Amino acid sequence: MSQQMTNPTEHHIGGPKGGVGGDVAILGAFLAVAALLALFIGARASDSLMQFHAYIFLAAFVIGGFALGTHVYTGGAAREKADYEFGVVKAGVAASVFWGLAGFLAGVVIALQLAFPNIFYFENLPFTNFGRLRPLHTSAVIFAFGGNVLIATSFYVVQRTCKARLAGGLAPWFVFWGYNLFIVVAATGYLIGVTQSREYAEPEWYADLWLTIVWVAYLLVFLGTIWKRKEPHIYVANWFYLAFIVTIAMLHIVNNLSVPISLTGSKSYSLFAGVQDALTQWWYGHNAVGFFLTAGFLAIMYYFIPKQAERPVYSYRLSIVHFWSLIFIYIWAGPHHLHYTALPEWAQTLGMTFSIMLWMPSWGGMINGLMTLSGAWDKLRTDPVIRMMVVSVAFYGMSTFEGPLMSVRAVNALSHYTDWTIGHVHSGALGWVGYISFGALYCLTPWLWRRKSLYSKQLVEWHFWISTIGIVLYITAMWVSGIMQGLMWRAYNEFGFLEFSFVETVEAMHPYYIIRALGGLLFTIGAGIMAYNLWRTARGDVREKEFKTAAAPSAVPAE
């Protein structure tokens, strides 16, 4: 990559003789003010939980200030003249792997708690309670693992497709570290009992405010990079990333509108109440799935599958239709979570109708992803990475068929509040989100660390088959368990009384809960194999049994 500069002194911020760039000055002032505010709140906190988090923020801001000072003194600007900023993408890859393993392991623990509550319940350790570990698991997998994958891949893709370095100087690093600070605050909050009790939106008001600041910076970096692009065309993956960033910002702000009891206290109350609160929550909740777990990862599909298959997108026109129809329809589907509630029936029907309409754009995108392999189907035999990504698209198609089906009121009467919903969520989360993320990480690591290939393709094969068996065990166990659960709940005897007590349904689900725990464990083992493979790849190691010659450094693939 070129290190030449048109003006060697322009934006120089390194060394004792250099000036300080605008991005460094702004970031330094922000960290100083934020540290003072955190110190003030920590000293005057009205509860110990708020004090704990205030000091976490303070420590982060102080460390950030030292890092910024080191950057200035050691001449970091000289390294900022490369064509692309891939350092933050490398950090995102590492964070994604770490949080993925943590989130998957937490999922195995809570699955074991449900299967064997007498063994895995610790009365004197409240932070190990299922009620605290469950949101830790969901947030770690969705927002920590998935969020870091999205940030890392979006920063990589927007640079490569726009042929422009990330905008904002140090702003991308602020986005990365700021987002992971939010994850730490949220995760520790769950363990000590700080929560809003809102699905996918559990962090309290101060964590939400911090995430808003970080997310605005993320949007500005992404837009700024597109603005200064050297490629006149905006590739479709960037449209999906942009829709994900903008819509999540809107959802986050509206759903988390709240009134803190005190500016120095951890507790707040939602601005909404009753059925309005429920509608707002599931407008947010379903669109967190639609735009965080769908639109963002479709952007990954539209870049990494064509790159790995070395084939163009099957139909660029279909990808545009897919984009506009998805974002216009998805936003209305949330009320299908509230069938048979106090929500007006017309709103329930609206959510159901738009959910069914989602079949068309969702399957259009699936077909586009699968047909991109036209002329390269033989790669499914030889390349386990492309196989993993193609299977992820198949899971996307299955999940987006099942979701609209479950939104139909008659089906929902059986499926809702049962393990069928858990199976549906995990077929999408493990099969679609997990596999497309793993595929992107397998692609990015040799590209970023400039390796000729992965450390071991055989380990990718092991990862694929072990985790696939795990997914199949998990979702089939939950499908059977959920349908059985729903049927037992609605069974009446000849006298009009419920035929089964609640504890009988729990007893009947026990073997399926064991199968679920086994499936989750296999998926986690697969992720551990991936982590080892990527670590050895980054080191530059090669398995001699698989390759006759050592992998030599090569340039990052050209567009």
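# A tour of pockets, core and rings

Start with an open space. The second largest pocket holds about 830 Å³ of space. Keep in mind that the model is predicted.

**Stop 1: the second largest pocket**

Select Gly64, Ala67, Trp173, Phe174 and Trp177. Among the 30 residues that line the second largest pocket, these five lie nearest its centre. Now colour the helices around it. Helix 1 (22-44), helix 2 (48-73), helix 3 (87-115) and helix 5 (171-192) each give at least two residues to the lining. Which helix supplies the largest share of this lining? Helix 2 does, with 9 residues. Next, colour the lining by residue type.

**Stop 2: the largest nonpolar core**

Move on to the core. The largest nonpolar core has 142 residues. Select Phe244, Phe292, Phe304, Trp432 and Phe438, the members that touch the most other members. Then select helix 8, residues 274-309. Helix 8 gives this core its largest share, 16 residues. There is also a second, separate core of 6 residues. Ile110, Leu136, Ala187 and Tyr190 are among them.

In soluble globular proteins, nonpolar side chains tend to be buried together.

**Stop 3: Phe438**

Zoom in on Phe438. Is Phe438 buried or exposed? Its relative accessibility is 0%, so Phe438 counts as buried. Show what surrounds the side chain. Leaving out residues up to four places away in sequence, Phe438 touches Phe104, Phe145, Met388, His463, Phe523, Ala527 and Met530.

**Stop 4: aromatic pairs**

Now show the rings. The structure holds 47 aromatic pairs. Take Phe98 and Trp99 as one of them. Why is this pair edge-to-face? The ring centres of Phe98 and Trp99 are 5.1 Å apart and their planes meet at 70°; planes over 60 degrees apart count as edge-to-face, so this pair does too. Phe98 has 52% relative accessibility and counts as exposed, whereas Trp99, at 15%, is buried.

Phe145 and Phe438 form a tilted pair, with 6.0 Å from centre to centre and 50° between the planes. Trace the chain between them. Phe145 sits in helix 4 (residues 130-162) and Phe438 in helix 15 (residues 419-448). The two residues are 293 residues apart, and their pair links distant parts of the chain. Phe145 is buried, with 2% relative accessibility.

You met Phe244 and Phe292 at the core stop, where they were listed among the members with the most contacts to other members.

**Stop 5: the cavities**

The structure holds 4 cavities of 30 Å³ or more. The largest cavity has a volume of about 60 Å³. Select Phe104, Val141, Ile142, Phe145, Leu293, Ala429, Leu430, Val433, Gly434 and Phe523 to see its lining. Phe145 returns here; so do Phe104 and Phe523, both of which touch Phe438. Helix 4 and helix 15 each supply at least two of the lining residues. Helix 15 gives the largest share, 4 residues. This lining has 9 nonpolar residues, 1 polar residue and no charged residue.

What lines the second largest cavity? Select His53, Val185, Ala186, Gly189, Tyr190, Val194, Pro203, Glu204, Tyr206 and Ala207. About 40 Å³ of space lies inside the second largest cavity. Its lining divides into 7 nonpolar, 2 polar and 1 charged residue. Helix 5 supplies the largest share, 4 residues.

**Stop 6: two single residues**

Pick Ser362, in helix 11 (residues 359-371). At 2% relative accessibility, Ser362 counts as buried. Its contacts, not counting residues up to four places away in sequence, are Leu326, Tyr396 and Thr400.

End with Gly274, in helix 8. Is Gly274 buried or exposed? Gly274 counts as exposed, with 55% relative accessibility. The C-alpha atoms of Gly274 and Ala342 are 9.0 Å apart in space, and the two residues are 68 residues apart in sequence.

Notes
Residues numbered from 1 in each chain as written. Predicted model: local features only at pLDDT ≥ 70, side-chain atom pairs only at ≥ 80, totals over all residues. Heavy atoms only, no water. Core = buried A, V, L, I, M, F, W, Y, C linked by side-chain atoms within 4.5 Å. Buried < 20%, exposed > 50% of the residue type's maximum accessible area, 1.4 Å probe, protein only. Contact = heavy atoms within 4.5 Å. 1 Å grid on protein atoms, 1.4 Å probe; cavity = no way out; pocket = protein on both sides within 12 Å on 5 of 7 lines; lining within 4 Å. Points joined across faces, edges and corners; volume = space filled by probe spheres on them. Phe/Tyr/Trp six-rings, centres within 6.5 Å; stacked < 30°, edge-to-face > 60°. Nonpolar A, V, L, I, M, F, W, Y, C, P; charged D, E, K, R; others polar.
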